[in-house]
Amino acid sequence: MGRKEREKNGLRVRRGGDRKGHHGGGWLMGELDEENEEEGKEVEGWVDLEKEEDDEEKNGVQQRRNSWEDGVSGTNCPIPPGKNFTYILQVKDQIGSFFYFPSLYFHKAAGGFGGFRILSRPLIPVPFPEPAGDSTILIGDWYKANHKVLRARLDRGKKLPFPDSILINGRGPNGASVTVEQGKTYRLRISNVGLQHSLNIRIQGHKMKLVEVEGTHTLQNTYSSIDIHVGQSVSVLVTADQPPKDYYIAVSTRFTTTILTTTAVLHYSNSRDKVSGPIPGGPTNQIDWSLNQARSFRTNLTASGPRPNPQGSYHYGMIPVTRTIRLANSAAQVNGKQRYAVNSVSYVEPDTPLKLADHFKIGGVFRLGSISDNPTGANVYLDTSVMAADFRKFVEIVFENKESIVQCWHLDGYNFWVVGMDGGNWSPVSRKGYNLRDAVSRCTIQVYPRSWTAVYIMLDNVGMWNLRTEFWARRYLGQQFYLRVYSPLESIRDEYPIPKNALLCGKATGRHTRPL
């Protein structure tokens, strides 16, 4: 693929030091990346964020057989400032709506986001007529302080303050807009790219029909508003069936004492009237409302996914579970500083990416079994936590949240079936209420306060995969670990060899990848 083609179809994002972004203040927005399923892909990252190195995470893109290109600190050395790096990946066996962002040094607070769409192959049917337009809407909380100030605060062992506002596509109130023609239907791909807060979105006078969640075609239920938790993505269809004028697209925080609200504009092309009337209100602190909505997100069993066969042809509910992993989040002071943990372990970044240490068999970087399968109840402590897992095992993970916040978890390299969620404590008896027929398959899932969420995963993707909270300050201060999915065959059928252009750092400096 030539340079011009890479820059046209790839991801070339410069994140400069100016945070003004769009329209007088906000994120620095990247470009939209759009690919057909099964196409090979070169994604070029260019780092120039105030002379700091970085990596680029493709949130929800599974990187099949290729955690080498995952773009997090456990798999990749940072791209040096002012330099280019080309991620080479194949978006095989995936469709859907995702996004990318910078993953290191709390740069996510500065922006650099963009939408990442994986389209169905031309001959694969999509379960709705082709929309008249297809727009990406990135929503999230935002701080006036820049990423260095926020990072320094976390490094001192402090918590993040409450955000200053919400942005839509990097803009403040009514700064972003979507233009529609009366009578036509449009697809909106909405991602919560913020740092910590759940958000609710609604459109004045219009309904939203849910059609896709992180690569899964869903039952096409209609909603007046939708909760989108941090790190999550959904696709909805909106029909311009109202009198021609401009309408509010409203986004507000959920489960917060102070409610932040911002707006964009749904603009009818033949409109002569600006937005008017009260901004449509949404839910605020109602946990049960959100829980019931989440349970209503179901897989469309008869629709095709990335392949021609229906999504329901994979009967996940009939596969025996070989291992149960229970993960509990917690917060504590360690050595007088705020830390966050999973099963009492607060992750510490090593100087060498775990994937490189594993490949080159470098000792002293991590040890398998450094995090338990179950909550231990021990005091929080620091370690480079890596959990061992066997290739092609079918696993149940139960996320247990005994805190008073809404937690949100993401696993790189995978989608999982969300088989259950409820309040209180999980026990084996909870399995009686699991949805074993049409649970939605996605990569990021919320856990409500003092509640649990259970997922099933087929571990069919060899690699070193980051399992993390999507609350970015919590992740930065240790609420993450890596799942090492291993096949003893070490075959290129199961995992690609180390990329020829892989960057080497830490204890891997001076090693060799493969001949160019």
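**Notebook: the cysteines of this model**

I began with Cys-443, which counts as buried (under 20% relative accessible area, with exposed over 50% and partly exposed in between, 1.4 Å probe, protein chains only), at 1% relative accessibility. I note that this is a predicted model, in which local features need pLDDT of at least 70, side-chain atom pairs count only at pLDDT 80 or more, and totals for chains, interfaces and linings use all residues. Residues are numbered from 1 along each chain as its sequence is written, and side-chain values use heavy atoms, with hydrogens and water left out.

I then looked up the partner question for Cys-443. Its closest cysteine sulfur is that of Cys-408, and because the two lie 9.7 Å apart, they are too far for a bond. I checked Cys-408 as well and found it buried, with a relative accessible area of 1%.

Next I searched for disulfides (pairs of cysteine sulfur atoms within 2.5 Å). The structure holds one. It joins Cys-77 to Cys-505, with an S to S distance of 2.1 Å. I recorded -90° about the S-S bond, which makes this link left-handed.

I located both ends in the chain, with strands taken as DSSP runs (E, at least two residues) numbered from the N terminus. Cys-77 sits in the loop between strand 4 (56–59) and strand 5 (84–90), and Cys-505 in the segment after strand 33 (480–486). The pair is 428 residues apart and links distant parts of the chain.

Technical notes. Helix = DSSP H or I, 4+ residues; strand = E, 2+ residues; numbered from the N terminus.
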